[in-house]
Amino acid sequence: MNSPQKTLQLTSQHVFEDQEKYGNDSRRKIRTNKLLRQIDEHQLMDLKIDYAFKQLFGNERNKDITVVFLNAFLIQAGRDPIQKLYFRNIEIGGEYIDDKKGRLDVLVQTESKEWINVEIQFNNQYNIEKRSLFYWSRIYNWQLEAGQEYDELNPVITINIMNFEMFQETDAFHTMFHLYDIAEKIRLTTMQEYHFVEIPKLIRAWKQDKLNPWDDLLTRWLLLLGVVDKKRNYFYEDIFRELEEIAVGDKSLDVAMRVWEDLSRTQEERLEYEARLKQILDEQSRLRSRERAEQRRKEAEQQKEVAEQQREEAEQQKEVAEQQREEAEQQRKEAVQQKEIAEQNYEQQKVRFAEEKQKRLELEERTALVGHNAVKAVARQFLENGISFEVVIQNTGLTEAEVKTILEDISKDKN
């Protein structure tokens, strides 16, 4: 649910937290000797069904009950309690599906000219904020007749009682809104006031033993609305019995419970209630079907988005793989080229090495040849100087054949 507009200031009616005080409250330990009324839990009307709520709180015969019920809200808001009220009917717009009467659930005007509109919403139509603003504006505008001045307008107080949770920001079951300045918290006007009651939070606080209906008037009356839960087909007998005990000392609550039981037993009222209950439960079933269909649509959209994302990722992976393949192919080609270059370089180096080796051998041969000839020249000088054949062989390392050849060359030259 969307947060309230910034111009609205939220105040919360928190649950009773003083466990010691509540636990030790002697009134909770007192059990009356009065015989508790016996009522079939399946017979009592669910007061959160707008028809049943109207019969109890919107009926001229039960005006005194309505005064006490509404004063519980006004006291919480710091307003003066009302002594008298007048039921009003205003054509607003279609109230039920295919219903053209279009009257508000409960609309009253107090003796001080304040207007109070009480709306019950059993199923969450996801429109309660806009609906409240619309009803407030229509009632406020309806007051101003031709020729009247704006200062003749009177406050309009809207009370929404919801059989569902609305505000996730708080555990308070009763929240109240006014128009305030955002920074300074200055209240703009007393003409506009909204109350929201979330029954599931009320019941949760009851189960957690955080409520004290003996001391809290508003909690007492709201618990009365929560006794029967037709959405879950459940009857809170513990709440009912405790309210019976409180009703021993609370005349208005006692009368309300008696009227409630009488309404639940009256055949004509019962038939009207059952028809409206069926309509609301059918609407609840349609809402659930629409919610399930919407959930399936969202899941299908999510699955489609996931599939599309997976497809895009697969395409990206394919592109990356193709790019990697191309890069690998390029690297392979470069490797082949490098191998060919390396082989060419190797062959060239082999040829160059062979050529250099051949030149080196030739140089060595020439060097060796030059050296050998020099040795022969020395040996010739030795022989010409009369050194013996054997001594020349020993000192020059020449062979006997080489020394003999030198001797022969010397003889030839002399002749």
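Me: Two strands count as paired when DSSP finds at least two bridges between them. In this predicted model, what is the bridge partner of Trp115 in β5?

Reply: The partner of Trp115 is Val156, and this bridge belongs to a set of seven that join strand β4 (residues 115-121) to β5, the two strands running parallel.

Me: Are the faces of β6 buried or exposed, and in which sense does β6 run against β7, parallel or antiparallel?

Reply: Both faces of β6 are covered, since His174, Met176 and His178 on one side and Thr175, Phe177 and Leu179 on the other are all buried; that makes six buried residues out of six in the strand, which covers residues 174-179. Four bridges join β6 to β7 in the antiparallel sense, and Met176 stands opposite His195 of β7.

Me: How do I describe a helix pair, and at what angle do the axes of α8 and α9 cross?

Reply: Two packed helices are described by the angle between their axes and the distance between the axes. For helix α8 (residues 237-247) and helix α9 (residues 251-265), the axes come within 8 Å and cross at roughly 130°, which makes α8 oblique to α9. By class, their contact has seven nonpolar, no polar and four charged residues. The residues that meet are Phe240, Leu243, Glu244, Ile246 and Ala247 in α8 and Lys251, Leu253, Asp254, Met257, Trp260 and Glu261 in α9.

Me: What is the mean pLDDT of the chain, and over which residues does pLDDT stay under 50?

Reply: The chain has a mean pLDDT of 83, with 84% of its residues at 70 or more. Over residues 1-37 pLDDT stays under 50, and the model has 81 contacts beyond four places in sequence for that stretch; over residues 94-102 pLDDT also stays under 50, with 20 such contacts.

Terms used: Residues are numbered from 1 along each chain as its sequence is written. This is a predicted model: local features need pLDDT of at least 70, side-chain atom pairs count only at pLDDT 80 or more; totals for chains, interfaces and linings use all residues. Side-chain values use heavy atoms; hydrogens and water are left out. pLDDT is the predictor's confidence in each residue, from 0 to 100. Contact means heavy atoms within 4.5 Å. Axes are lines fitted to C-alpha atoms, for helices over the stretch in contact, and angles run from 0 to 180 degrees between N-to-C directions. Angles under 35 degrees count as roughly parallel, over 145 as roughly antiparallel, 65 to 115 as roughly perpendicular and the rest as oblique. Ala, Val, Leu, Ile, Met, Phe, Trp, Tyr, Cys and Pro count as nonpolar, Asp, Glu, Lys and Arg as charged, and the others, Gly among them, as polar. Buried means under 20% relative accessible area, exposed over 50%, partly exposed in between (1.4 Å probe, protein chains only).
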